Amino acid sequence: MIIVIGAGPAGLAAAEAAARNGSDVALIDSAPRIGGQYWRHRTEVSGYRSNRAEALFAKIKTSRSVTYISEASVWSIERDGSLIRVNYLQGGTESSLTAEKLIIATGAYDRSLPFPGWDQPGSMTPGAVQALYKGHGVLAGKRVVVAGTGPFLLPVATTLAEAGVEIVGLYEAHSPLRWTLSPVALIFNLSKFAELIYYWRLLAKHGIRPQFGRVVTSFAHGQATISHVDSDFRMKAKRAQTIEVDAVAVGWGFLPDLTLGGIAGCKQRVVSDGTTVFDVDRNQLSSQPNVWIAGEATGIGGADLSLLEGEIAGLAASGQEISSRLRIKRFAKELFAQALSRSYPIRDGWKSWSNEDTVICRCEEVTLANIKESVVELGAEDSRTAKLFTRAGMGLCQGRVCSRNVAEIVAGLTGCSVSDEERIASSNRPIAAPISLGLLGDGKK
């Protein structure tokens with residue numbers, strides 16, 4: 001049997017590919033419906049090239065070789081001799097599943113940067129706003145600002161506009177001219193121009209005009225401050241405006257979900273922009289035997305790359321041949337992923353947006369002043385020590401949201417860079433999801 005964790009584009013592609021030769025596949029996902037974050041829906045998927053989702057859903061649902069386990073949160077992975085055991089919670093019960101092979105496709109989540117008011121009601125990430133509407137039919141507000149950086153801002157803004165929300169502003173921190181840094185990637189991915197035209201027409205239809213070099217630098221009591229920033233994300237003096245809104249959707253790209261692969265002991269590495277990802281070979285095989293990883297956990301690259309990586313992982317895990325054509329297509333999408341990183345980097349100037357009272361760790365309510373005190377007064381030299389002094393990163397999210405920000409703030413205060421070891425360590429957790437001792441004691445082994 002092959003276990004696939006995650007039913008987003010990568011996981012679905014992996015399950016479908018592995019089942020082609022009749023291999024038994026168990027597809028485990030925490031959501032009530034397949035599709036993951038990217039193809040989140042209540043009844044049917046909408047948006048650009050949504051037909052891809054429907055075709056893949058149909059193959060999964062009609063396959064006799066695929067068993068789909070929904071609303072199951074995997075909390076740990078362990079070796080059982082030559083087998084791999086996946087422990088998960090479903091319906092209030094702890095259960096486990098054992099297989100010879102495992103494919104991890106856990107995707108990514110929104111990256112947040114702190115600013116005054118980012119912890120207040122009405123301040124959300126683009127992914128959260130999208131999930132609220134697509135998953136539950138609930139709009140974040142009637143007047144919304146969408147801001148941050150990256151192409152994901154476009155589908156969020158257009159989805160909300162199509163639902164009747166007034167997009168008060170669509171603000172991209174970077175200049176679109178940064179795409180000229182990646183001419184080869186654009187040549188290998190000409191289809192992306194069709195996607196851009198699709199969203200540009202929707203923006204024009206709803207009278208939304210993207211504005212560049214602007215960010216949300218504060219939010220409180222329904223008022224958002226929009227500031228002009230330079231290429232390093234530093235605010236330009238006296239160039240700010242305040243607008244009345246119900247909500248702000250602010251996001252800074254994505255961070256890979258590394259928890260389960262880390263528990264499985266898979267090797268990680270730090271890429272050029274400081275993001276930690278899993279190290280895999282040309283067949284998506286990790287450093288651990290019979291554990292493949294596909295999708296955003298190997299590097300943020302979008303749904304197209306995730307689909308290709310998932311298919312390759314599924315074929316490899318089930319012992320099927322992988323064509324040269326499939327590898328070439330993956331190479332082209334990898335070029336585009338590199339272009340995304342070059343076009344939408346996160347600059348250090350974001351640290352200047354916060355004041356002493358700005359909350360950096362929302363779970364434990366740790367402020368910038370608390371972190372500074374841990375360094376200046378108590379002598380913390382790295383984020384781990386600052387964490388011990390302040391409890392930053394010790395809350396419910398276990399540092400998923402704040403650990404990278406804390407590390408970079410501490411590095412700026414000490415004048416030292418964040419080491420690769422520190423970045424990798426902050427991505428690893430012994431347990432992936434909360435589980436009570438009662439459930440653990442009553443679980444099935």
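These legends describe close-up views of a predicted model.

**View 1. Helix 12 and its length.** Helix 12 covers residues 403-414, a run of 12 residues. Its end C-alpha atoms are 16 Å apart, which agrees with the 16 Å that the helix should span at 1.5 Å a residue. After the helix comes G415, which has a positive phi, near 80°.

**View 2. The surroundings of helix 12.** Helix 12 is mostly covered, with 9 of its 12 residues buried. The buried residues are S403, R404, N405, V406, A407, E408, I409, V410 and A411. Two strands pack against these buried residues: strand 17 (254-256) and strand 21 (359-361). Helix 10 (368-376), helix 11 (383-390) and helix 13 (420-426) also pack against them.

**View 3. The salt bridge between D80 and R85.** Side chains of opposite charge can pair when their charged atoms come close. In the salt bridge of D80 with R85, the closest N and O atoms are 3.5 Å apart. D80 is partly exposed, and its relative accessible area is 38%. R85 has a relative accessibility of 16% and counts as buried, because buried means under 20%.

**View 4. The salt bridge between R269 and D279.** The side chains of R269 and D279 form a salt bridge, with an N to O distance of 3.5 Å. R269 belongs to strand 18 (residues 268-270), while D279 sits in the loop between strand 19 (276-278) and strand 20 (291-293), so the pair ties together parts that are 10 residues apart in sequence. R269 is partly exposed, at 37% relative accessible area. D279 is partly exposed as well, at 27%.

View 5. E334 and R330 are joined by a salt bridge whose closest N and O atoms are 3.9 Å apart. Both residues lie in helix 9 (residues 324-343), and they are 4 residues apart, about one turn of the helix. An α-helix has 3.6 residues a turn, so residues three or four places apart point the same way. E334 is partly exposed, with a relative accessible area of 29%, whereas R330 is buried, with a value of 8%.

**View 6. A network of salt bridges.** Five residues are linked by salt bridges into a network: R52, K192, E195, D304 and K333. The whole structure holds 18 salt bridges.

Definitions and conventions: Residues numbered from 1 in each chain as written. Predicted model: local features only at pLDDT ≥ 70, side-chain atom pairs only at ≥ 80, totals over all residues. Heavy atoms only, no water. Expected span 1.5 Å × (residues − 1). Buried < 20%, exposed > 50% of the residue type's maximum accessible area, 1.4 Å probe, protein only. Contact = heavy atoms within 4.5 Å. Salt bridge = Lys/Arg side-chain N within 4 Å of Asp/Glu carboxyl O.
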